Amino acid sequence: MNREKTGLSAHSLNIFRECERCFYLQVKHNISRPRGPMPSIATGIDSLIKEYFEYFRKKGKLPPFLEKEIKDGKLMTNLKKTYYYEIKNNKNYYLWGHLDEVIQLPNELYIPLDHKTRASLPTGEPHDAYKFQLSIYSLLLTKENNGNEVEFGYLIYYYPEKELIDYNSNEIKNIINFSFEVKKVDLDINKTKQIIEDAIRCLKSDKLPKTGENCEYCKWIEKTKIYYIENSIKEEKNEKVEIKIVEKENEEYKETLF
Ligand code: SF4
């Protein structure tokens, strides 16, 4: 992909859905919002899951726990590290992404699948951000799907299962057990394309966009701004006073010399 073009990922576009200003600052000006410390446990579990899937990819079949949920599928043989999608009406922009997994169905359909580690099993419909992420992945798989977008994807939730705890076990490794749930998710590709267009329009503008409604940070900056301004005025005044004192002392010293 041409480095002069702007790449958009599911992550950055999900930021656009939350807050246009944060997206604009990150993609256009390379100013990312501050990150808190990342819990490494999710990354550790994620890499174990991926190794487990790799084992079954080499065998040319699905992991046993998925066989019941996804009939006649197998893991895509040559899963690439990164996928790209050219945005036809906006040649200076493209989509990119690292897909967790792709399921190959018998009719040569390639379906995106994403692993999600959670503290407990989420109830109800999957989060909109997850659906959006899968529909970006569907676009990234357009070439594999002969120019078509698939309109569904899979999420697998992995979560610690209280009922599987063996309280009598002497082995600490038997204390925490994970369970899983597979969700087939319907995707709204047209809506996703509209969001991509809106995001590009936002980037093309010279105007700083509005902030998202649900984020506390910019509201905090607005509230604290007055104290920063007052403080910097005070500091500036103090600096001026200090400079005057030093100048006066220099003058007095010069006078003592003559
Ligand atoms: S409101 Fe929040 S998300 Fe938006 S620009 Fe400010 S810090 Fe970023």
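Axes are lines fitted to C-alpha atoms, for helices over the stretch in contact, and angles run from 0 to 180 degrees between N-to-C directions. Helices (H or I, at least four residues) and strands (E, at least two) are DSSP runs, numbered from the N terminus. The model is predicted: local features need pLDDT of at least 70, side-chain atom pairs count only at pLDDT 80 or more, and totals for chains, interfaces and linings use all residues. Residue numbers start from 1 along each chain as its sequence is written.

**View 1. Helices H1 and H2 pack together.**
The two helices, H1 and H2, pack at an angle of about 145 degrees. Their axes lie 5 Å apart. H1 contributes Ser12, Ile15, Phe16 and Glu18 to the contact. H2 contributes Glu20, Cys22, Phe23, Gln26 and Val27. Two residues are in contact if their C-beta atoms, placed from the backbone, lie within 7 Å. By class, the contact of H1 with H2 has 5 nonpolar, 2 polar and 2 charged residues. Ala, Val, Leu, Ile, Met, Phe, Trp, Tyr, Cys and Pro count as nonpolar, Asp, Glu, Lys and Arg as charged, and the others, Gly among them, as polar.

**View 2. The buried residues of H1 and H2.**
A residue is buried if 20 or more other C-beta atoms lie within 10 Å of its own, exposed if 12 or fewer, and partly exposed in between; C-beta atoms are placed from the backbone. H1 spans residues 10–18, and its buried residues are Ala10, Leu13, Ile15 and Phe16. They pack against strand S1 (6–8), H2, strand S4 (93–97), helix H5 (128–140) and H6. In H2, the buried residues are Glu20, Cys22, Phe23, Tyr24 and Val27. The cover over these H2 residues includes S1, H1 and H6.

**View 3. H2 crosses H6.**
Helix H2 covers residues 20–29 and helix H6 covers residues 189–204. Their packing angle is about 65 degrees, and their axes are 10 Å apart. H2 and H6 are therefore roughly perpendicular to each other. Angles under 35 degrees count as roughly parallel, over 145 as roughly antiparallel, 65 to 115 as roughly perpendicular and the rest as oblique. The crossing of H2 and H6 is right-handed. A crossing is left-handed if the near helix is turned anticlockwise from the far one by less than a right angle, and right-handed if clockwise. From H2 come Glu20, Phe23, Tyr24, Val27 and Lys28; they meet Ala199, Cys202 and Leu203 in H6. By class, the contact of H2 with H6 has 6 nonpolar, no polar and 2 charged residues.

Asn30 follows H2. Asn30 sits in the loop between H2 and helix H3 (40–59). The phi of Asn30 is near 60 degrees, a positive value in a residue other than glycine. Asn30 has 7 other C-beta atoms within 10 Å, so Asn30 is exposed. Asn146 belongs to the loop between H5 and S7. The phi of Asn146 is near 50 degrees, again positive in a residue other than glycine. Asn146 counts as exposed because 9 C-beta neighbours lie inside 10 Å.

**View 4. Ser135 and Gly153.**
Ser135 is in helix H5, and Gly153 is in strand S7 (residues 152–160). They stand 18 residues apart in sequence and 7.7 Å apart in space, C-alpha to C-alpha. Ser135 counts as buried because it has 28 C-beta neighbours inside 10 Å. Gly153 counts as buried because it has 26 C-beta neighbours inside 10 Å. Not counting residues up to four places away in sequence, Ser135 touches Leu187, Asp188, Ile189 and Thr192. With neighbours within four places in sequence left aside, Gly153 is in contact with Ile111, Pro112, Leu113, Leu134, Tyr137, Ser138, Val185 and Leu187.

**View 5. Lys71 in a loop.**
Lys71 lies in the loop between helix H4 (64–67) and strand S2 (74–75). Lys71 has 9 C-beta neighbours inside 10 Å, so Lys71 counts as exposed. Lys71 and Pro106 are 35 residues apart in sequence, but 9.4 Å apart in space, C-alpha to C-alpha.

**View 6. The two domains.**
The domain assignment gives domain 1 (6–204) and domain 2 (216–258). Such bounds come from an automatic or database domain assignment. The centres of domain 1 and domain 2, taken over C-alpha atoms, are separated by 52 Å.
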